[in-house]
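Have the structure open as you read.

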Amino acid sequence: MRLFQDTQENINNLIVESGNLASLYKRYVRRQLTERSSEILSTIAIAFVLIVIGGMVLLLLFIALGYVLGSVFGSLPLGFLCVTALALLLMLLVYCCRHRWIVAPLTRLITDSFDSADASVSASELHEQFNTENEKMRSRVHALWGNHASAHSTAERASRIVYHAVTLYDGFRLGLSTFSVLRSLFGRRKRKGK
């Protein structure tokens, strides 16, 4: 009777610790996802505003330069033709250097956004917490079947089944929580029929 109570207690502890592991991982992924997506969206918004303002400034500068060159050459259309040629050369220069000036900095910005360590929990601390919870769970499974020498192979199979079941459950919960976070971020709501 005592063996049954110990087994039941170990199973209960295993379930509680696997739940703790899943909730820890879910909270971390949710927080990281919201922080990184908000950083990326704010960066995109700032870049869009700067591009629009920069484009307006550049347009006004080109108009002013067209008038100045028109007065220098004595022909307003010739001045604007020179400004158009200058704009085409500038576009060609930007296109030729797009990897160095646009793609590489943008890639570095996005990569740094995802790779930067969180201020409250570093990646190594999270890894350590995850391993600690995982070891607790494994020790519970082994404690569950460790006292039975004759059932050692059965214990191995059972621990693998429990481990895989908990892993599948964690993946399912993580997928659902990620989907709900993404849905709330992008505002996908059901439309009411009229």
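Start with the residues Ala22, Tyr25, Lys26, Asp170, Arg173 and Leu174, which line the largest cavity. Keep in mind that this is a predicted model. Helix H1 (2–73) and helix H5 (152–186) each give at least two residues to that lining.

Now for the largest pocket. Its lining is made up of Ala47, Ile51, Leu58, Leu90, Val94, Trp101 and Ile102. Two or more of these residues come from each of helix H1 (2–73), helix H2 (76–96) and helix H3 (98–115). H1 puts in the largest share, three residues. The pocket lining has seven nonpolar residues, no polar and no charged.

Here are the two spaces side by side:

| Space | Volume | Lining residues |
|---|---|---|
| Largest pocket | about 220 Å³ | seven nonpolar, no polar, no charged |

Cys96 is in no disulfide, and the nearest cysteine sulfur, that of Cys97, sits 6.3 Å away, whereas a disulfide needs the two sulfurs within 2.5 Å. Is Cys96 buried or exposed? Cys96 is exposed, at 55% relative accessible area. Cys82, for its part, is partly exposed, with a relative accessible area of 28%.

Terms used: Residues are numbered from 1 along each chain as its sequence is written. This is a predicted model: local features need pLDDT of at least 70, side-chain atom pairs count only at pLDDT 80 or more; totals for chains, interfaces and linings use all residues. Side-chain values use heavy atoms; hydrogens and water are left out. Buried means under 20% relative accessible area, exposed over 50%, partly exposed in between (1.4 Å probe, protein chains only). On a 1 Å grid over the protein atoms alone, a cavity is a set of points where a 1.4 Å probe fits but cannot get out, and a pocket is an open set with protein on both sides within 12 Å along at least five of seven lines; lining residues have an atom within 4 Å of a point. Grid points are joined across faces, edges and corners, and a volume is the space filled by probe spheres set on the points. Helices (H or I, at least four residues) and strands (E, at least two) are DSSP runs, numbered from the N terminus. Ala, Val, Leu, Ile, Met, Phe, Trp, Tyr, Cys and Pro count as nonpolar, Asp, Glu, Lys and Arg as charged, and the others, Gly among them, as polar.
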